[in-house]
Amino acid sequence: MTERVLTGITTTGTPHLGNYVGAIRPAIRASQAPGVESFFFLADYHALIKCDDPARIERSRLEIAATWLAAGLDTSRVTFYRQSDIPETPELTWLLTCVTSKGQMNRAHAYKAALDANVAAGEDPDANITMGLYSYPILMAADILLFNAHRVPVGRDQVQHIEMARDVAQRFNHLFGNGRELFVLPSAEVEEEVATLPGLDGRKMSKSYDNTIPLFEGGPKGLKEAVARIVTDSRLPGEPKDPEGSSLVTIYDAFANAEQRARMRADLRAGLAWGDAKQRAVELIESHLGPMRARYDDLMAHPERVEEALLEGAAKARAVAVPLMQELRAAVGLRKMVARPVATKTAASKAAALPLFKQYRENDGRFYFKLTAANGTTLLQSRGLADGREAGQWVKRLKTEGSKALDDAPIEFVDRAGVEAALAELLIAAAAESKA
């Protein structure tokens, strides 16, 4: 079975060597595997949450899209698009917002971290916290569920958001699926062995540490100057050097083959000067980056080519998104107003047209019940219960006590007016059956 994998690409900042080795290169390789359908999108709606500089937003989208294309992303094999080119994304975000509890959003790590920082600073707990920050896990869920992705590669700090997407998808399926799985439940794919490059000072390469090596910026000269600043020990030329634990060697290894790695280690132990080792690293890295940089420079000089690639990707993405949104709109009741044929009502069809209680057990091991109208609309949805008998007892109470039992019932969604009408209809039907 083909698996759909979806990767979101942050569109703020300029990619550096660590981004290429740790994220871009492995993602492109993974997209070439058989049995994989890959979706890559520029998360430019997400960028608006933390950046209010339009020029930076515009520039970053171009730089990052050009970087991925220059690095070898094959748009004939993958779907590569901008989030903001898919109008179904914000529409689905709203549908999901309507079934997502505020309590769940209160537990999101990013919101809690911002709130805790405000409290620690003596500020109002919600100072400077926008609704974009607060509810962006719902936008992330829409990104994933709109394409029914099976796997989502993320860092460990994003696993919570994938779990939230699963919860929201499951709730939506319960409320509106009527036995169908409208959404696939996605799984987080955490790469435990992701290559992490050290920066110039030995810490993880990161813009926040100002210790990065540029990927394309500055050309060969910029690369050479950055590598020259990598911190090494004070051993002189001719003195044996330990290659293990060396930031320079780790960076070199990310581009070297087995033979080159072995030779670098042997030469350092034999006294190779750090300056010569750095020059060797520059030449090796440039042999990989040079051709990519040429493609990148060409794309940056012709942004219309990047635009064309992204619009083609958006068309491919919408070919998937539009049919699903049509199905979801119908599922929630946003349907065309058309006359429906009225069938002759036999005794069997009258019985089938009654509201219906359903009890079931989910993959989480808990028991649920719901009440649906004759047209399949969900009127009442329970929370998960540990005991199936408890679910049965609540169904019995609702059937016999009617709306009086609603206030105490373990429910997470209720159309009260619809439920009251449905319960009354069931009581009338039961009375009529007993007389018959």
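Two strands are taken to pair if DSSP finds at least two bridges between them. Helices (H or I, at least four residues) and strands (E, at least two) are DSSP runs, numbered from the N terminus. The model described here is predicted, so that local features need pLDDT of at least 70 and side-chain atom pairs count only at pLDDT 80 or more, while totals for chains, interfaces and linings use all residues. Residues are numbered from 1 along each chain as its sequence is written, and side-chain values use heavy atoms, with hydrogens and water left out.

Strand β4 (residues 151-154) pairs with strand β5 (residues 187-190) in the parallel sense, over four bridges. Within this pairing, V154 has V190 of β5 as its bridge partner.

Helix α7 comprises 15 residues (131-145), which at 1.5 Å a residue should span 21 Å, and its end C-alpha atoms are 21 Å apart, in agreement. The expected span is 1.5 Å times one less than the number of residues. A bend of about 40° occurs in α7 at P137, the bend being the angle between axes fitted to the seven residues ending there and the seven starting there. P137 is itself among the buried residues.

A nonpolar core is a set of buried Ala, Val, Leu, Ile, Met, Phe, Trp, Tyr and Cys residues joined through side-chain atoms within 4.5 Å. The largest such core has 54 residues, and L17, W68, F80, I213 and F255 have the most contacts inside it. Elements giving two or more residues to this core include α1 (17-31), β2 (36-42) and α3 (54-70). Helix α12 provides the largest share, 11 residues. Apart from this core lies another, of 46 residues, among them A43, L146, A169 and A314.

Contact denotes heavy atoms within 4.5 Å. Beyond four places in sequence, F255 touches residues including L17, Y20, V21 and R25. L197, in the loop between β5 and α9, is buried, with a relative accessible area of 5%. Its contacts, leaving aside neighbours within four places in sequence, include L17, V21 and A254. The C-alpha atoms of L197 and A254 are separated by 8.1 Å, although these residues are 57 residues apart along the chain.

How values were computed:
Buried means under 20% relative accessible area, exposed over 50%, partly exposed in between (1.4 Å probe, protein chains only).
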